[in-house]
Amino acid sequence: MWRKSSKSKRLSSKQSGKRPLSKRLWQYYLRSAERMMKLLRIINITFLLGSTTVILVVISLFTPLFSQAIVYVFSLLPLPNLSGAAMSSPPTAYVVLGGGLTNDNDNQIVLNDYSLNRARTAASAYHDLPLPIVLSGAEAPWLGQWLIEHGIDGLISENASMNTCENARFTAKRIPLHHVYLITDSYHMARARRQFALNGINSTPLSAPLPVNRDWMKPAQNLSHSRRAVYEVAAYLRDVIRPQVDCRHARDVTSQQLLTPRGNAAKTNTD
């Protein structure tokens, strides 16, 4: 009697443990629905965070915040390894990188506002600490002419370079240098310093202002800074990931080419 009772209990337990198919399907559906809800919540949060970030970035383009953040990040980037002499010696020259040319009302070629601000920065620094000034780029004759007109001498021109990479390579060929004060705008500075370091020249930055200032009340001016910053971020990444193919080596130009001014600018006093 006792055995029969135990057997019936075990049979009853097995039967109760075997859930109906409909119940199992319903529980599977509930688990799937729960997972789907979690996934949708994650997607929703991600979308909200992403869209909020995009909106904030777009808004920041019209404020000084974006460009200032880019300049700060650039200032933290390390330079390629330099020799002991480059690291220990003080700056012995100013190197001014050309920023472009334009035409005046008489259709004469003149320095554009970028180059003009770099020339002004060099002149101001020279009056505080007279050192030789190296002018690098196709703008060199016009930069030299402006500096001479403003009482600056000790000019050394490199006239052949057409981009930042060539600025560094041809400057290193034009004159032996270990450490220089590098003059360009703050957005271009990180890329320029990296190229000069790759050619064995350490640099202390002297940033020239852009033609327009940052101003919380002038979003169009802030946007011009943001565009400049975005361009330099892309250019810096390109130089690191895939160096430009249009950068000639120092052996590709002669010393005479480095000395030869271009265009119609009067020949400057070069060493």
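**Cores, salt bridges and a surface patch**

Student: Before we start, what kind of model is this?
Tutor: A predicted one. Let's begin in helix H9, with serine 226.

Student: OK. Which residues does serine 226 contact, leaving aside its neighbours within four places in sequence?
Tutor: Ser60, Leu61, Thr63, Phe66 and Ser67.

Student: Is serine 226 buried or exposed?
Tutor: Buried, because its relative accessibility is 1%, and the cut-off for buried is under 20%.

Student: What about valine 240, where is that?
Tutor: Also in a helix, namely H9. Valine 240 is partly exposed, with 42% relative accessible area.

Student: How far is the C-alpha of valine 240 from that of arginine 194?
Tutor: The two C-alpha atoms are 9.5 Å apart. Along the chain, valine 240 and arginine 194 are separated by 46 residues.

Student: Switching to charges. How many salt bridges are there?
Tutor: The count is seven.

Student: Give me one. What does aspartate 185 pair with?
Tutor: Arginine 118. Their closest N and O atoms are 2.8 Å apart. The bridge joins distant parts of the chain: aspartate 185 sits in strand S6 and arginine 118 in helix H5, 67 residues apart.

Student: Are aspartate 185 and arginine 118 buried or exposed?
Tutor: Both are buried.

Student: And which residue bridges to arginine 191?
Tutor: Glutamate 232, again with 2.8 Å between the closest N and O atoms. This pair also links distant parts of the chain. Arginine 191 is in helix H8 (residues 186-198), glutamate 232 is in helix H9 (residues 219-241), and 41 residues separate them. Both arginine 191 and glutamate 232 are buried.

Student: What about aspartate 239, which side chain does it meet?
Tutor: That of arginine 238, in a salt bridge of 2.8 Å, N to O. Aspartate 239 counts as buried because its relative accessibility is 4%. Arginine 238 is at 32%, so it counts as partly exposed.

Student: On to the nonpolar side. How many residues are in the largest core?
Tutor: The largest nonpolar core has 21. Tyr94, Val96, Ile133, Leu135, Trp146, Leu147 and Ile152 touch the most other members.

Student: Which elements give two or more residues to this core?
Tutor: Strand S1 (94-97), helix H5 (113-128), strand S4 (133-136), helix H6 (140-149) and strand S6 (179-185). H5 gives the most, with six residues.

Student: Zoom in on leucine 135. Which residues is it in contact with, beyond four places in sequence?
Tutor: Val96, Ala140, Leu143, Gly144, Leu147, Leu155, Ile156, Ser157 and Glu158.

Student: What about the second core, how many residues does that one have?
Tutor: The second core is separate and has 14 residues, among them Ala93, Val134, Ile175 and Val180.

Student: Last topic, the surface. Which residues make the nonpolar patch?
Tutor: Met36, Met37, Leu39, Leu40 and Ile43. The patch covers about 470 Å².

Student: Where is leucine 39?
Tutor: In helix H2, residues 21-60. Leucine 39 is partly exposed, because its relative accessible area is 44%. Patch members need over 30%.

Methods:
Residues numbered from 1 in each chain as written. Predicted model: local features only at pLDDT ≥ 70, side-chain atom pairs only at ≥ 80, totals over all residues. Heavy atoms only, no water. Patch = residues over 30% accessible without salt bridge, like charges linked within 9 Å, V, L, I, M, F, W, Y side chains within 5 Å. Areas by Shrake-Rupley, 256 points an atom, 1.4 Å probe, with all protein chains shown as cover. Salt bridge = Lys/Arg side-chain N within 4 Å of Asp/Glu carboxyl O. Helix = DSSP H or I, 4+ residues; strand = E, 2+ residues; numbered from the N terminus. Buried < 20%, exposed > 50% of the residue type's maximum accessible area, 1.4 Å probe, protein only. Core = buried A, V, L, I, M, F, W, Y, C linked by side-chain atoms within 4.5 Å. Contact = heavy atoms within 4.5 Å.
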